[in-house]
Amino acid sequence: MKFHVITLFPDLVASYLSESILARAIKEKKIKVSFYNPRDFVKPTKIQKGKDKPYLRVDDKPYGGGPGMIIQAEPVLKAIEKALSKIKTQKSKLKNKIQKVKVKIIFFSPSGKKFDTEYAKVSAEKYTDIILICGRYEGIDARVKKIFKTEDISIGDYVLTGGEVPAMIVIDSISRQIEGVLGNFDSREEERIASSDVYTRPEVLEFKGKKYKVPKVLLSGNHKAIEEWRGNQKVEIKDQK
Ligand code: SAH
């Protein structure tokens with residue numbers, strides 16, 4: 001699976017991908033993440049007094065008034081085109097192998113369709129490339145969505161300052177659905193009875209003069225009883241269907 005992240009702040013996302021399971025998945029080529037910064041697709045302004053670098057402006061005031069700034073369509077469109085051309089060249093490199101490229105373009109928006117595990121699972125099976133468009137400020141000029149076939153996706157009913165955290169969430173959640181990413185594929189909660197309460201050593205924890213024990217059933221060796229106990233604590237993963 002290849003993720004193509006369109007963001008003004010690639011370092012934010014890259015830092016999350018630089019450790020632990022996702023870093024290993026990238027190293028082992030189970031997933032690949034590329035970045036495209038809309039700022040790389042704008043003409044620099046004249047160097048202003050007191051500044052040593054030209055400013056690469058990507059935003060402007062909203063039509064119709066209101067607070068905040070809007071990211072202009074053109075630099076985002078150019079970044080999408082760049083991602084698509086990269087996908088195309090990868091495709092031609094694979095010419096001799098039969099691997100059909102299937103691309104999805106996600107446009108992050110707090111009012112989009114709600115992301116969940118089922119969406120992650122289906123995406124992992126269905127697509128070879130996912131383009132993730134991260135907004136900032138008051139969002140991106142809506143004409144981007146008219147020009148490319150995108151899907152509005154929300155990660156929850158709250159408004160964030162940008163689409164980078166949503167991109168990290170979507171990459172993380174889809175990646176763990178790809179075989180070989182988790183050490184043990186069966187770690188995926190939906191394949192087993194998982195409890196949200198988990199315990200490890202020591203068996204009796206002492207903290208500020210009090211003792212806290214691990215639930216007895218987990219020490220019993222009775223797998224049926226353990227599964228039953230876990231079932232009662234089960235993490236609910238709702239189906240989208
Ligand atoms: N006023 C805008 C919100 C801007 S928030 C609106 O009502 O749509 C800035 C950016 O952060 C958005 O463009 C989007 O890319 C991202 N974002 C914020 N909250 C999000 C959420 N819950 N899910 C997905 N993306 C979100």
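## Ligand shell

The shell around the ligand is made up of nine nonpolar, eight polar and two charged residues. In this count Ala, Val, Leu, Ile, Met, Phe, Trp, Tyr, Cys and Pro are nonpolar, Asp, Glu, Lys and Arg are charged, and the others, Gly among them, are polar. The model is predicted: local features need pLDDT of at least 70 and side-chain atom pairs count only at pLDDT 80 or more, while totals for chains, interfaces and linings use all residues. Residues are numbered from 1 along each chain as its sequence is written, and side-chain values use heavy atoms, with hydrogens and water left out.

In total, 19 residues surround the ligand, and Phe108, Gly135, Gly156, Tyr158 and Leu160 are the closest. With three residues, β5 gives the largest share of the shell.

## Pocket and polar contacts

The largest pocket holds the ligand. On a 1 Å grid over the protein atoms alone, a pocket is an open set of points with protein on both sides within 12 Å along at least five of seven lines, whereas a cavity is a set where a 1.4 Å probe fits but cannot get out; lining residues have an atom within 4 Å of a point. A molecule sits in either if more than half of its atoms lie within 2 Å of its grid points. Helices (H or I, at least four residues) and strands (E, at least two) are DSSP runs, numbered from the N terminus.

Polar contacts are pairs of N or O atoms within 3.5 Å. A polar backbone atom of Gly135 is 3.0 Å from an oxygen atom of the ligand. Nitrogen atoms of the ligand are also involved: one lies 3.1 Å from a backbone N or O atom of Ile155, and a backbone N or O atom of Leu160 lies 3.0 Å from a ligand nitrogen atom. Of the 560 Å² of accessible area that the ligand has on its own, the protein covers 83% (Shrake-Rupley method, 1.4 Å probe).

## Domains and backbone

The domain assignment, automatic or from a database, gives domain 1 (2-186) and domain 2 (193-240). Their centres, taken over C-alpha atoms, are 38 Å apart.

Most residues other than glycine have a negative phi, and most peptide bonds are trans. Lys29, in the loop between α2 (20-27) and β2 (32-36), has a positive phi of about 60°. The peptide bond joining Arg201 and Pro202 is cis, with omega about 5°; Pro202 lies in the loop between α6 (164-175) and β8 (204-207).

Conventions. Near = heavy atom within 4 Å. Polar contact = N/O pair within 3.5 Å; in protein donor to acceptor, adjacent residues only side chain to side chain.
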